[in-house]
Amino acid sequence: MGYVRFLSALAVRIPLILWSVVVIYPILWMFIGSFKSNAEIYASPWSLPKTFNFENFVLAWTDFNIGTAFINSIFVTILGTFLCLVLAIPTSYALERLRFKGSDILFNTYLSTMMIPSVLGWIPLFFLLMRMNLLDNLWALSIVYAISHVPFTIFILTSFMGNVPRELEEAAAIDGMSQYGVLLKIVTPLVKSGIITASILNAVSFWNEYFMALILLQTDSKNTLGVQMDLLATHAQYNSAWGVLFAGLTIAVVPVIIFYALFQRHVVKGMTEGAVKG
Amino acid sequence: MVQSKTQKHLFLAFCLLPTFILFLVFTVYPAVNGLYLSFFEWSGTSAVKDFIGLEHYKKLFNDSVILKSIFNDYFFVFTKVIGIMILSLFFAVALTQLRIKEAPFYRVVFFFPNIMSVVVIGILWQFIFDPDIGLINGLLTAIGLESWTRPWLGSMEWALPSLVLPAVWAGIGLFMLLLMGGIMNVSKSLYESAEIDGASEWQQFWNITVPLIWPQIKTSIIYIVITSLNGSFVIVQIMTNGGPGNATEVMGSYLYEKAFEDFQFGYGAAIGVLILAVSLVTVLILQYILKREKVEY
């Protein structure tokens, strides 16, 4: 019996191990490539570099503007995530807790726009921002990001707010706390785990966003990482600057890896504990 | 607490209005205006837009690139749903129901591609498919299948199927977690009593696991379909730019090309409406196909 169990455990492990390799190997390949010279990449694309030099990173950071793009990406990610919470928390509270006429309609309106492909709105959005003189503006891009994730964030937060005991709100109200105070000091801290789950997912997608940034930004100094990486990739194709490209990719990926390593527990918890229900 | 009606209304307005106004301006208005623009011929530069009614839609029907794009979009939808669902279901079951000590390791690793940017994934996979220094051709050569090597992304037949791989690679983790959540909520006692009744593990999978996590399966499939129809073009744009020829063109990449490269904003808007229509029809049909009596044991 132990023998059979061992074999069946092995049979399941083989695909698991294989898929781990399929996931890890390309990423590792990219890390290693970032330390290699072009000649090394061509001569032996799979081997380790002879010496680990950081030249590629310096080149990518300075000559290819990855440094500026990195800072721009941090800016839109933090501002977008923050604005999204500022917009979604009060709305979620009102929709979930202050039942009013039309609350269901409003909730469904928000949700149903998750179905609308964002490409449908690209062209008008471009011209709208142009008329407002907000093209090539990182603040405007952050607002666009925040609004685009408001429906998703409301969806997550309302499901967490449903679990906040009403007695707490009532007790605070009896103690003379205003409704604004209840929302800010009682309810918001209690849905912390929902806020964290939504914010992680929002921040990761803002950090990684590419197309809105491509359309709405115009000058090189405003580019976010996605757009800048794409430019670098095109450049690398003509100049075979593969090592620099690998270094750029590594710079773009390392922060999310660290971020994910710190918060992955929350992601898994949020995902598996019914925040995203069927 | 005594609270006047005015105060209550003020608080509601405070909670709802700022968000709703910005939502109207940046989400609802662009979508409605996209529909409106699709009835006009407009190059973006002139103040005047020429109303041409349904002309763009007539043109869509006769545009061979559009037909190819719709076919390609459906090719992605179909292969992605099958690839992602089979693998993530297998992994979800393996990581929840079999006592594997290192399960947390796999869970973390498999989710990894989900946090990477599409640009990074696209560039990385361009290298993997590279004819000279890429991993795939290297691997084939290493195991003696040199005759199978080819310039994957530059080939008319292979470019489209090649693009499915990165999409599946990047999608598994999220859906695995979703399905794991469903499986962990299934009561253990069901499996115990099934075991006593002598049901095989395969029978338990089909008769207990699948029906009870059907809501999660259905959500996942619909989610994959929507995100694929609305977002496949990003990976296409980065990896092949729709080529070679129009071999990998999808509706979204064609919209980008028409609007932001050829400045045919009206026609681009009509393609946007087409994407919306195709998504809605597909999801409605799927809802119907995937409908199933809710199971409770």
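**Note on a predicted two-chain model**

1. Start with a helix pair in chain B. On the α11(B) side the contact residues are Met251(B), Gly252(B), Tyr254(B), Leu255(B), Lys258(B), Ala259(B) and Phe260(B). They meet Phe265(B), Tyr267(B), Gly268(B), Ile271(B), Gly272(B), Leu274(B), Ile275(B) and Val278(B) of α12(B). By class, this contact has 11 nonpolar, three polar and one charged residues. Bear in mind throughout that the model is predicted.

2. The geometry of that pair comes next. Helix α11 of chain B covers residues 251-261, and helix α12 of chain B covers residues 265-289. Their axes lie 7 Å apart, and the packing angle is about 165°. The cut-off for roughly antiparallel is an angle over 145 degrees, so α11(B) and α12(B) count as roughly antiparallel to each other. The crossing of α11(B) past α12(B) is left-handed.

3. Pro244(B) sits in the loop between α10 (214-239) and α11 of chain B. The peptide bond from Gly243(B) to Pro244(B) is cis. Its omega is near -5°. For context, most peptide bonds are trans.

4. A second pair in chain B joins helix α8 (residues 188-196) and helix α9 (residues 201-212). Their axes come within 11 Å and cross at roughly 160°. That angle makes α8(B) roughly antiparallel to α9(B). The crossing of α8(B) and α9(B) is right-handed. From α8(B), the contact uses Leu190(B), Tyr191(B), Ala194(B) and Glu195(B). From α9(B), it uses Gln204(B), Ile208(B), Thr209(B) and Leu212(B). The class count for α8(B) with α9(B) is five nonpolar, two polar and one charged residues.

5. Now turn to chain A. Helix α8 (residues 150-161) of chain A packs with helix α11 (residues 192-208) of chain A. The axes come within 9 Å, and the crossing angle is roughly 160°. α8(A) and α11(A) are therefore roughly antiparallel to each other. The crossing of α8(A) and α11(A) is right-handed. α8(A) brings Phe152(A), Thr153(A), Ile156(A), Leu157(A) and Phe160(A) to the contact. α11(A) brings Ser193(A), Gly194(A), Ile195(A), Ala198(A), Leu201(A) and Asn202(A). What classes of residue make up the contact of α8(A) with α11(A)? There are seven nonpolar, four polar and no charged residues.

6. Chain A also has a backbone detail to check. Asn65(A) has a phi near 60°, a positive value in a residue other than glycine. Most residues other than glycine have a negative phi. Where is Asn65(A) placed? It is in the loop between α3 (55-62) and α4 of chain A.

7. Glu169(A) lies in helix α9 (residues 166-174) of chain A, while Arg97(A) lies in helix α4 (residues 66-97) of chain A, so the pair ties together parts that are 72 residues apart in sequence.

8. Finally, the interface. How many residues of chain A are in contact with chain B? The count is 83 residues of chain A, in contact with 90 residues of chain B. Between them the chains bury about 7900 Å². Carbon and sulfur atoms carry 83% of that area. The count of salt bridges between chain A and chain B is one. The side chains of Glu102(B) and Arg13(A) meet in a salt bridge, at 2.6 Å from N to O.

Technical notes: Residues are numbered from 1 along each chain as its sequence is written. Chains are lettered from A and ligands numbered from 1 in the order in which they are written. This is a predicted model: local features need pLDDT of at least 70, side-chain atom pairs count only at pLDDT 80 or more; totals for chains, interfaces and linings use all residues. Side-chain values use heavy atoms; hydrogens and water are left out. Axes are lines fitted to C-alpha atoms, for helices over the stretch in contact, and angles run from 0 to 180 degrees between N-to-C directions. Helices (H or I, at least four residues) and strands (E, at least two) are DSSP runs, numbered from the N terminus. Angles under 35 degrees count as roughly parallel, over 145 as roughly antiparallel, 65 to 115 as roughly perpendicular and the rest as oblique. A crossing is left-handed if the near helix is turned anticlockwise from the far one by less than a right angle, and right-handed if clockwise. Contact means heavy atoms within 4.5 Å. Ala, Val, Leu, Ile, Met, Phe, Trp, Tyr, Cys and Pro count as nonpolar, Asp, Glu, Lys and Arg as charged, and the others, Gly among them, as polar. Buried area is the accessible area (1.4 Å probe) that two parts lose on being put together, summed over both. A salt bridge is a side-chain nitrogen of Lys or Arg within 4 Å of a carboxyl oxygen of Asp or Glu.
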